[in-house]
Amino acid sequence: MTNEELQTLIKNACKAAGWPIKKTLHASVVSVWINGSPYVVKLADDDGDSRMLQVACRIDLEFAEVNRVPCAVANSPWDANGNSQCANETIGSDARLAARMAVLRCAGMIGEAME
């Protein structure tokens, strides 16, 4: 994934969470406003920040086999039109990274689908 793709994904994920972006500090680090306070979040690199995003977007996370490959699977709630977003990340050697990326991708999909 390029830095530009990661930035777009993070911007869409922040939009889905309702976190206005104050400033992009690095490709994967942004300063956002959460409940009126500034926070620096590392959604792709920090488990705690990823969990805040998961809760803000009400994303379900599970570990399952997808086509016989162990994956982290993130699912959004159903929207008013009966649609849900789903993102899978292959676990490989780092289950925590796969979980963070599945949540980030799912939140990014939610944000992208918002008008």
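Visitor: What makes the pairing in the open sheet with the order 4-5-6 count as pairing?
Guide: The model is predicted, and its open sheet has 3 strands with antiparallel pairing. Two strands pair if there are at least two bridges between them. Strand 4 and strand 5 (residues 69-75) have 7 bridges, so they meet that cut-off. Within this pair, Glu62 stands opposite Val73 in strand 5.

Visitor: Why are strand 4 and strand 6 called edge strands?
Guide: Strand 4 (60-66) and strand 6 (86-90) each pair on one side only. Neighbouring strands in this sheet are turned against each other by 30 degrees on average, with direction ignored.

Visitor: What does helix 3 touch when it packs on the sheet?
Guide: Helix 3 touches strand 4, strand 5 and strand 6. Contact here means heavy atoms within 4.5 Å. The direction of helix 3 makes about 155 degrees with that of strand 6.

Visitor: How do you know that helix 2 and helix 3 pack, and at what angle?
Guide: Residues of helix 2, including Leu53 and Cys57, meet residues of helix 3, among them Val103 and Ala107. The contact divides into 6 nonpolar, 2 polar and 3 charged residues. Helix 2 (residues 47-57) and helix 3 (residues 95-113) have axes 10 Å apart, at an angle of about 35 degrees.

Visitor: Why is the crossing of helix 2 and helix 3 called left-handed?
Guide: A crossing is called left-handed because the near helix is turned anticlockwise from the far one by less than a right angle. Helix 2 passes helix 3 in such a left-handed crossing.

Conventions. Residues numbered from 1 in each chain as written. Predicted model: local features only at pLDDT ≥ 70, side-chain atom pairs only at ≥ 80, totals over all residues. Heavy atoms only, no water. Axes fitted to C-alpha atoms, helices over the stretch in contact; angles between N-to-C directions. Helix = DSSP H or I, 4+ residues; strand = E, 2+ residues; numbered from the N terminus. Nonpolar A, V, L, I, M, F, W, Y, C, P; charged D, E, K, R; others polar.
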